[in-house]
Structure formats: C-alpha cells, structure tokens
Amino acid sequence: MPTEALSTAEGLVRAPLLHKGKVRELYDLGEHLLIVVTDRISAFDYVLDPAVPDKGRVLNGLSSFWFSLTGEIQPNHVVHTDAEKLGDLVAEPGKLAGRIMVAKKAKRIDIECVVRGYITGGGWRQYQQGGEVNGIRLPDGLRKNGKLEQPIFTPAGKNDIGHDEDIPFGEMARRVGLPLAEALRDKSLHLYEYGRRACERKGIILADCKFEFGLIDDEIILIDELFTPDSSRFWARENYALDVEIDSMDKEPVRSYLSGSDWDKNSPPPRLPDAVVQATTERYRDIYRRLTEGGEA
Ligand SMILES: Nc1ncnc2c1ncn2[C@@H]1O[C@H](COP(=O)(O)OP(=O)(O)OP(=O)(O)O)[C@@H](O)[C@H]1O
Ligand SMILES: [Mg+2]
C-alpha cells in the first residue's frame, strides 16, 4: 500500500476548486463534483502538520463502501470512484487513486442530520445542563456514554462560518418545511439503524453519526460522506465503558499527544512526531479493515 501522504490535490487537478475544507477539496466538473479526500488531519479545529498517510483513502473507501451498501434503501450522489476515468482532468491519477469520488451535484439542504444512539459528546453536555438534547426531554439519571432507549434525531443548522448550531426539530421544520424535515428525520433514523447493526456485527458501536442530504430534481439524495470516522463516532466494543472518555478509534494518538504537550489550543499546534503519525495511520487502516472485512456489512 502506498504510504506517501497527500496534503493537497491542488496542482494535480485541472478543474476549478470550488471549496477547500479542512480535509476535503471539491472541484467543479460541470454537471458533477470531484471530491478529493486528502490526508490532512484536524483536531480541536486546527489542521495539523504533517498529513497522515492513507487517511484519505480510508475515509473515501469507507464512504464508498457504505454508499454502495445503502444505495438500495437511499439514493446517493456517487457516480464513480475511479481516478483513471478522470483522464486529462488529473495530472497523476496514481496519486489520487482511492481518494476520489465523482458525485452528482445536488442542491444542498443546510441541515446536518445527526442521529444519536448513545448519550455522549455535545449531546451529553446539553443533557447535563438541562436534561434535554435539542429540545428532546430525556429521562433523569442517564450516565455518560449510556445507550438511549431510542435513537434520537438532533439536527444542526449548517453554518459556513463558525460552528453548526444545534436546533430543535421544530426549528428545522420552520427552515425547510415540515414534510421535508420529517422525511429527512425518518431517513436519518433508518440509515442510523442500518449502520448501527452493520457495525455491531463487526464489534463496533456506532454511537452517533451525521448525514447530509441534497435535492436533485426534487428527489432527496444522500450526499457528502457516509459512516466515516469524520462523520460518525465509532467505539470499539472492547473499549466501551460508562462515565469515561472512550478512546476515539481514529485520532486517539493525536489527541493524547496534543493533550500531553503544552499547546494552548489557541495558537498554531505543534508538529506531530513521526511515531504519532504512524500510529494514526495504523488506526485508520484498522478501522477500515474491521468495518469492511468480509465484504458486505
Ligand atoms: N453531492 C453534493 N452536492 C453538493 N454539495 C455537496 C455534495 N457532497 C458534499 N457537498 C458539500 O461539500 C462540502 C464539503 O466540504 P467539507 O465537509 O470538506 O468541508 P466543510 O464542511 O466546509 O468544513 P470542514 O472542513 O470543517 O468539514 C460540504 O459543504 C457538503 O455539504
Ligand atoms: Mg463537512
């Protein structure tokens, strides 16, 4: 497996760059989008140096794996993932192999559709403050990382500047209309249930996850990425415990390195040592292997 990290595809792609996120780059192919998943890694909202070899392939490979499995229950944006098919659009297809997705352009719905099956992270913080998550009242006495009786839908408004804001379902309905809000909620809960069961068979707990949808000719299409460590919280079953901070399956080496350093999280972060980068690459490869082993989920 190639191990050289790709920190950007700019200069390799002969198409206009539409958007550069912390991890991904979107190029305009006219009718389609070219999504390149680089090896950049972020933590605490900073992009770190250096990039992590194979991370982009793992993220793109997982999205592609899940999009093809769920395609029958929910149409998605994938056209193909073959860098060779890009022809003259790319200078060195080998460097992009495994890390691209050509996708149908959709009119994005500006809502992050979050489903939580467990109470942790931002959901846990909300619950501690007022016993509710996005306006959903939960029973008293829940413990951090506890499994919820029913998965809950906790949307966030997509915000291009700054952070996404948690909103109650009613606010989502005001923004996009009740019928669309209900359809997105039902689709999200259904997809979560699919992902949860599939992960469970591989010894992984899908604690929560985020979906994005768009419209193409009034049809609701699943876009962006699907069940990747960047959009989902995966816990290895063997690490599951209540009341603690559970190791993240992907970025734990980076997080523990940064927490152990004297970095103040308000200035450019320190460079990651080689050993931390290598350990992180191994983490990503492991998640990929665990989730995709045996083909169908
Ligand atoms: N098929 C599609 N049609 C239209 N927009 C899409 C499609 N697929 C993904 N997108 C959008 O492309 C963008 C991808 O950006 P990306 O997630 O890489 O960065 P970001 O969300 O802006 O920031 P961050 O780096 O913090 O994640 C998202 O805004 C997503 O909604
Ligand atoms: Mg994003």
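Which domains does the shell around ligand 1 draw at least three residues from? Keep that in mind as you open this predicted model, and start by selecting the ligand.

**Stop 1: the ligand and its shell.** Show the residues around ligand 1 and you will find 14 of them. The closest are His19, Lys22, Arg24, Arg108 and Glu212. Now color by domain for the answer to the opening question: domain 1 (1–105) and domain 2 (108–239) each supply at least three residues of the shell. Coloring by residue class instead gives 7 charged, 4 nonpolar and 3 polar residues.

Stop 2: Select Lys22 and display its backbone, where an N or O atom sits 2.5 Å from an oxygen atom of ligand 1. Next, go to Lys104: here a backbone N or O atom is 2.8 Å from a nitrogen atom of the ligand.

Stop 3: Select residues 204–216, which make up strand β15, together with residues 219–223, strand β16. The two strands run antiparallel and pair over 5 bridges. For one pair to zoom in on, pick Phe213 and its bridge partner in β16, Leu222. The hairpin leaves 2 residues between its strands, and Asp217 in the turn has a positive phi of about 45°.

Before you leave, is β16 mostly covered or mostly uncovered? Mostly covered: 4 of its 5 residues are buried.

Definitions and conventions. Residues are numbered from 1 along each chain as its sequence is written. Chains are lettered from A and ligands numbered from 1 in the order in which they are written. This is a predicted model: local features need pLDDT of at least 70, side-chain atom pairs count only at pLDDT 80 or more; totals for chains, interfaces and linings use all residues. Side-chain values use heavy atoms; hydrogens and water are left out. A residue is near a molecule or strand if one of its heavy atoms lies within 4 Å of it. A polar contact is a pair of N or O atoms within 3.5 Å; within protein, one must be able to donate a hydrogen and the other to accept it, and residues adjacent in sequence count only if both atoms are side-chain atoms. Ala, Val, Leu, Ile, Met, Phe, Trp, Tyr, Cys and Pro count as nonpolar, Asp, Glu, Lys and Arg as charged, and the others, Gly among them, as polar. Domain bounds come from an automatic or database domain assignment. Buried means under 20% relative accessible area, exposed over 50%, partly exposed in between (1.4 Å probe, protein chains only). Two strands pair if DSSP finds at least two bridges between them.
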